[in-house]
Amino acid sequence: MQLGQLSGNVKADFGSFSLAFPSQNKAASAMTKLPFPEDLSRPALEDRQLRALQRLLSEIDGQNQFWTNRFREQGFEPQKLRSLQDLRQLAPVTKQELVEDQNNNPPYGTNLTYPISAYSRLHQTSGTTGRPMRFLDTPASWRWVKSCWAQMYRIAGLRREDRLCFPFSFGPFIGFWGAFEGATQLDNFCLAAGGMSTDVRLEVILEHEITFICCTPTYALRMIEIAQRKGLDLANSAVRAILVAGEPGGNIPAIRQRIEQGWGARVIDHWGMTDIGCLAVESADHPGGLMMLETEVIAEVVDSDTFKPVPPGTRGELLITNLGRTGMPVIRYRTGDVVCASTEPNPCGRSLLRLEGGILGRADDMVTIRGNNVFPSSVEAVLREFGEVAEYRIVIREKDAMHHMVIEIEPTAELCNGCETEQLPELPGIQKLQQNLARTVRDRLNFSAEIRFVSAESLPRFEMKGRRFVREC
């Protein structure tokens, strides 16, 4: 199946749509006839960005200690900004700089525009690349987060009658908090399925005839695994769409195919970060990429060394300037995500930046194996093509002064047949799988990896972000 194609039994009908949530109020209905922000023309979009950027800089200069100091140190004069290109005079900021600021000025750092009493919400990063970073929102900035979700839901094709389920534990990690509250604000039925086992969550999804699920790709696959053991027929359930985020996967063909076939539902990819908000989503009627919510951010695709813009069709690092979190803003923020701006016009007719293939990998996860630059997502794309792989882990070690990749594979219970780990290499099915995996990795990625098998249920399962990439050197 090619990227973006639906599996044969997908239930969703994502035809054209212009207004996802008609209002029952006449005055409000009249207002909804105006163009939505995400439908603006390119000139109107850039004018909106420039005006929002100028307001942001005016608000924080002299009030926000972190950014005021940074402006002065770099000789950047916010009041003289006249174009979006003028922003490039400011050097990009890294997550590490913000973390260090919070470490030196606990607990929230100096990136605060208002007194602490003005903030009403706290979220923090998952800490996958170091110490968690805290982010505060004012009531106004949280309303902005929910307004971002309103735009993304429209792009994703959410319907007024859709019934949503959020099968994850709610906590300080932002996760799908914005998605949940954004959908409740649109008056959709929303079920928060935290504090439940996967078995119970599946029962709840079926009992309440959920049509729209928000979760990570990993957990969508995990629910399929459990449903198969319980004999549950997810493909014929009411679920028609699964919005996935938190890790690469939604735009990886093999993972997409597995989820769509297991659920009989359409996969919709989404991207966001605690540090910047939830800012990109796949179009329901034109799959295969992510549309950046440029109504609310300025997105740049740059060379990671020079920070100069790269041409469309060229891979680069995504920089984000957030226009809606005045209380704790990020400006030219290095996301670490590798993307590629499409060279083709946006197929849905919108002027928003379209990222071909979604998030392609993370710059800080890239490893060089035998002269090849490899992203974990590229390896995952290979592994997920094999239905006999239940779970996996990628371990990078040093061997002969070079990086060496070990791929630990947990085969399905059917393939293990109850055998102990030491017996697995003797099974014909395991031998065949090992040969096929080794050959496919070598042919696709141009290096040889060591394939090791582990017993059933021995590798960890993940509800939120999967942590399958381990560096030991």
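Predicted model: local features only at pLDDT ≥ 70, side-chain atom pairs only at ≥ 80, totals over all residues.
Let's start with the contacts of Gly 182. Leaving aside neighbours within four places in sequence, Gly 182 touches Lys 146, Trp 149 and Tyr 153, where contact means heavy atoms within 4.5 Å. Residues are numbered from 1 along each chain as its sequence is written, and side-chain values use heavy atoms, with hydrogens and water left out.

Back to Gly 182. Its place is in helix α6, residues 177-185; helices here are DSSP runs of H or I, at least four residues, numbered from the N terminus. The C-alpha atom of Gly 182 is 7.9 Å from that of Val 145, and the two residues are 37 apart along the chain.

Is Gly 182 buried or exposed? Gly 182 counts as buried, because its relative accessibility is 1%. Buried means under 20% relative accessible area, exposed over 50%, and partly exposed in between, using a 1.4 Å probe and protein chains only.

Now to another helix, α10, residues 376-383. Six of its eight residues are buried, so α10 is largely enclosed by the rest of the structure. Among those buried residues are Pro 376, Val 379 and Leu 383.

Finally, the cysteines. How many disulfides are there? The count is zero, a disulfide being a pair of cysteine sulfur atoms within 2.5 Å. For Cys 165, the nearest cysteine sulfur belongs to Cys 215, 8.9 Å away. Cys 165 is buried, at 0% relative accessible area, whereas Cys 348 is partly exposed at 22% relative accessibility.

Conventions:
Helix = DSSP H or I, 4+ residues; strand = E, 2+ residues; numbered from the N terminus.
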